[in-house]
Amino acid sequence: MKTQIYNIVVAAGKGSRFGSDLPKQFCKIGNTPVLAITLQRLDDIFTNNLLTAEYEAKTLLVLSEHHLELWNDICSEFPIPPHTIIIGGASRWESVKNAVEYIRDNNIVDFGSAVITVHDGARPLIDAKLYTDVINGISDGDGCIPAVAVVDSLRQIDKASGASHPLDRATIRAVQTPQAFPADRLINAYLLPYKPTFTDDASVMAEAGYTDIRMSEGNPHNIKITLPSDLKIASIYLQDEPAS
């Protein structure tokens, strides 16, 4: 029997830093919206490689209710794989919580063996290795997150004095998504009340006592679309990918 895996794709944000009336997840790389690329590649990961034989995948797409009509228009124009829409909340934490609660309340499965991944919809350059590595990474831990080395020099600022001091970048990693967790533990972690320190799902897990979070190798090309220039960078990365 295949292991059940729920892939949550979070795309409910307003994209305020992007500087456009259209949220970044709906802007286009080439002729295709970012979020359409993300879902197409996610579907390919779980239908056309070794993960297919082991996992029964379901995709949960978290959207703002204000973007449902826009998304319906995109779905009528582009080949979007099957997915379940979850209405997001005012924060990323609330959006993921809504999806986790849907999984808990609407699926009769053995949560002890099921897996949940959480991915940012504005990271369209996902690949099978990213997912394979984070899924394999939770085999004997509480979760697994992809991370990449930091290349810039770093300094930490003292908020009170304004002074700063250097950090050893060799000990620092930039965290990406997808992040993978045993379903029962992530469901339990999202019973906690919100804290401002919840910057990603691994931080929620740690607060719940699930501190054995492993790291897998991320991909420098797995960028999050944050600025308009990122669309051009992602386009270049896509063009440079080897033909399948």
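Lys-195 and Glu-207 join their side chains in a salt bridge, with N and O 2.6 Å apart; the term stands for a side-chain nitrogen of Lys or Arg within 4 Å of a carboxyl oxygen of Asp or Glu. Lys-195 sits in the loop between helix 6 (183-189) and helix 7 (201-207), while Glu-207 belongs to helix 7, so the pair ties together parts that are 12 residues apart in sequence. Helices here are DSSP runs of H or I with at least four residues, strands are runs of E with at least two, and both are numbered from the N terminus. Lys-195 is partly exposed at 36% relative accessibility, and Glu-207 is partly exposed at 39%. On this scale, buried means under 20% relative accessible area, exposed means over 50%, and partly exposed lies in between (1.4 Å probe, protein chains only).

Before going further, a word on the model itself. It is a predicted one, in which local features need pLDDT of at least 70 and side-chain atom pairs count only at pLDDT 80 or more, whereas totals for chains, interfaces and linings use all residues. Residues are numbered from 1 along each chain as its sequence is written, and side-chain values use heavy atoms, with hydrogens and water left out. The predictor's confidence in each residue, pLDDT, runs from 0 to 100. The protein chain averages 92, and 95% of the residues score at least 70. Confidence is lowest in helix 2 (residues 51-54), with a mean of 88, and highest in strand 5 (residues 84-87), at 98.

Back to the charged side chains: the whole structure holds 11 salt bridges. One of them joins Glu-241 to Arg-41, at 2.8 Å from N to O. Glu-241 lies in the segment after helix 8 (228-240) and Arg-41 in helix 1 (residues 34-45), so this pair ties together parts that are 200 residues apart in sequence. Glu-241 is partly exposed, with a relative accessible area of 34%, but Arg-41 counts as buried at 18%.

What else does Arg-41 contact, leaving aside its neighbours within four places in sequence? Its contacts (heavy atoms within 4.5 Å) are Pro-124, Leu-125, Ile-126, Leu-238 and Glu-241. With Ile-126, a polar atom of the Arg-41 side chain lies 2.9 Å from the backbone oxygen.

A salt bridge can also stay inside one helix. Lys-129 pairs with Asp-133, their closest N and O atoms being 2.6 Å apart, and both residues lie in helix 5 (residues 128-136), four residues apart, or about one turn of the helix. Lys-129 is partly exposed at 48% relative accessibility, and Asp-133 is partly exposed at 23%. Elsewhere, Arg-92, Asp-120, Arg-123 and Asp-201 are linked in a network of salt bridges.

Now for the aromatic rings. Rings of Phe, Tyr and Trp (its six-membered ring) pair if their centres lie within 6.5 Å; planes under 30 degrees apart count as stacked, over 60 as edge-to-face and the rest as tilted. This rule gives four aromatic pairs. In one of them, Trp-93 and Tyr-194 are tilted, at 5.3 Å centre to centre with 55° between the planes. Trp-93 lies in helix 4 and Tyr-194 in the loop between helix 6 and helix 7, so the pair ties together parts that are 101 residues apart in sequence. Trp-93 is buried at 14% relative accessible area, whereas Tyr-194 is partly exposed at 44%. Tyr-194 also pairs edge-to-face with Phe-198, at 6.2 Å centre to centre and 80° between the planes; Phe-198 is buried, at 9%. Trp-93, Tyr-190, Tyr-194 and Phe-198 make up one aromatic cluster.

Finally, the interior. In soluble globular proteins, nonpolar side chains tend to be buried together. A nonpolar core here is a set of buried Ala, Val, Leu, Ile, Met, Phe, Trp, Tyr and Cys residues joined through side-chain atoms within 4.5 Å. The largest has 29 residues, and Ile-8, Ile-116 and Leu-186 have the most contacts inside it. Elements that give two or more residues to this core include strand 1 (3-11), strand 4 (55-63) and strand 6 (115-120), and helix 4 provides the largest share, five residues. Beyond its neighbours within four places in sequence, Ile-8 has contacts that include Leu-60, Val-62, Ala-99 and Ile-116. A second, separate core of 27 residues includes Ile-45, Leu-63, Val-115 and Ala-180.

Key:
A polar contact is a pair of N or O atoms within 3.5 Å; within protein, one must be able to donate a hydrogen and the other to accept it, and residues adjacent in sequence count only if both atoms are side-chain atoms.
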